[in-house]
Amino acid sequence: MSFRCSPCRLAGILLAALFVPGLAAAAGSCERLVATGNPEYPPYLWRDPQDPKRLIGANADLLQRLGKELGVRIDVLYSGSWEKAQEEVTSGRADLLAGAYLTLARLGSMDYVHPPFLMTSGVVWVNKDAAFPFIGRDDLIGHKGSVLAGSSLGEEFDRFAKASLDLKPVPSLTQGLQDLMLKRSEFLLYQALPGQAQVEALGMADDLEALEPVLSSEGLYLTLSHNSACNDPWLRGQLAKKMTELSAAGVPVTLLQDNLERWKAQQ
């Protein structure tokens, strides 16, 4: 899928901006932004059953609020797997990544909008019939696990996992959960709430469970591609300002609760 940022202000408006105080700062902003993200991340994001080209969920609703506040249209589109979504934003074919952990790799290709709008917990998912003693991450050493390709449980845990764990990347959460059901892997690393939502939707709640304690707790950020034609100081500043205001008002948490019920109703 190829994404394209729509043209910014017309030449006449740009010329007028030279003579109207305050307009010059806003003139560089695009009128339309394209966002994408993890399509297997309910209640944060998932594909719209009525329009599979779109992503819906708490993150998508938050971007709609941001766009309304800024007077900018933001379309949240499906671009494939989570790994593919990140590639689209890195390349600039999509402008925004609608929810990501802070990692050094992404910092090289994206600007992070502060503050994080929600917190998520990374956990260990297992088949109840093949569970093993677990009190912390060291207990994963020696077991065969899987992880969603391109995913992260936070920089600190990622370094530990790379050095110490036997992990196989899987292309989708559904594949990872199916491997657990068939005991092709002993554990799956993923977030708690999206994992639980998908486990219940697939009818696997009697067979799979998340172990405690959690492995990580990380902030979820909106990111803006370095290669987006829309990336300018005005847009970065306005996104940060509006995100701060919406987060302080508790809007992301309310949207998350609403979309959890929305996801359940769709199943």
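## Helix pair α7 and α8

Helices α7 and α8 cross in a right-handed sense (the near helix is turned clockwise from the far one by less than a right angle). Helices here are DSSP runs of H or I with at least four residues, strands runs of E with at least two, numbered from the N terminus. The model is predicted: local features need pLDDT of at least 70 and side-chain atom pairs 80 or more, while totals for chains, interfaces and linings use all residues. Residues count from 1 along each chain, and side-chain values use heavy atoms, without hydrogens or water.

The axes of α7 (residues 173-181) and α8 (residues 192-201) come within 11 Å and cross at roughly 70 degrees. The two are therefore roughly perpendicular (65 to 115 degrees). Leu-173, Thr-174 and Leu-177 of α7 meet Pro-194, Gln-198 and Val-199 of α8 (contact: heavy atoms within 4.5 Å).

## Nonpolar cores

The largest nonpolar core has 55 residues. Such a core joins buried Ala, Val, Leu, Ile, Met, Phe, Trp, Tyr and Cys through side-chain atoms within 4.5 Å; buried means under 20% relative accessible area with a 1.4 Å probe, protein chains only. Leu-63 is among the members that touch the most others. Its partners include Ile-74, Val-76 and Leu-222. Another core, of 15 residues, lies apart and includes Phe-134 and Phe-160.

## Backbone exceptions

Most peptide bonds are trans, and most residues other than glycine have a negative phi. His-114 and Pro-115 are joined by a cis bond, omega about 5 degrees. Pro-115 sits in strand β7 (residues 110-127). Glu-212 to Pro-213 is also cis, with omega near 5 degrees. Pro-213 belongs to strand β11 (residues 208-225).

Lys-183 is not a glycine, yet has a positive phi of about 60 degrees. Lys-183 lies in the loop between α7 and β10 (187-191).

How values were computed: Axes fitted to C-alpha atoms, helices over the stretch in contact; angles between N-to-C directions. Parallel < 35°, antiparallel > 145°, perpendicular 65-115°, else oblique. Buried < 20%, exposed > 50% of the residue type's maximum accessible area, 1.4 Å probe, protein only. Lists of a residue's contacts leave out its neighbours within four places in sequence.
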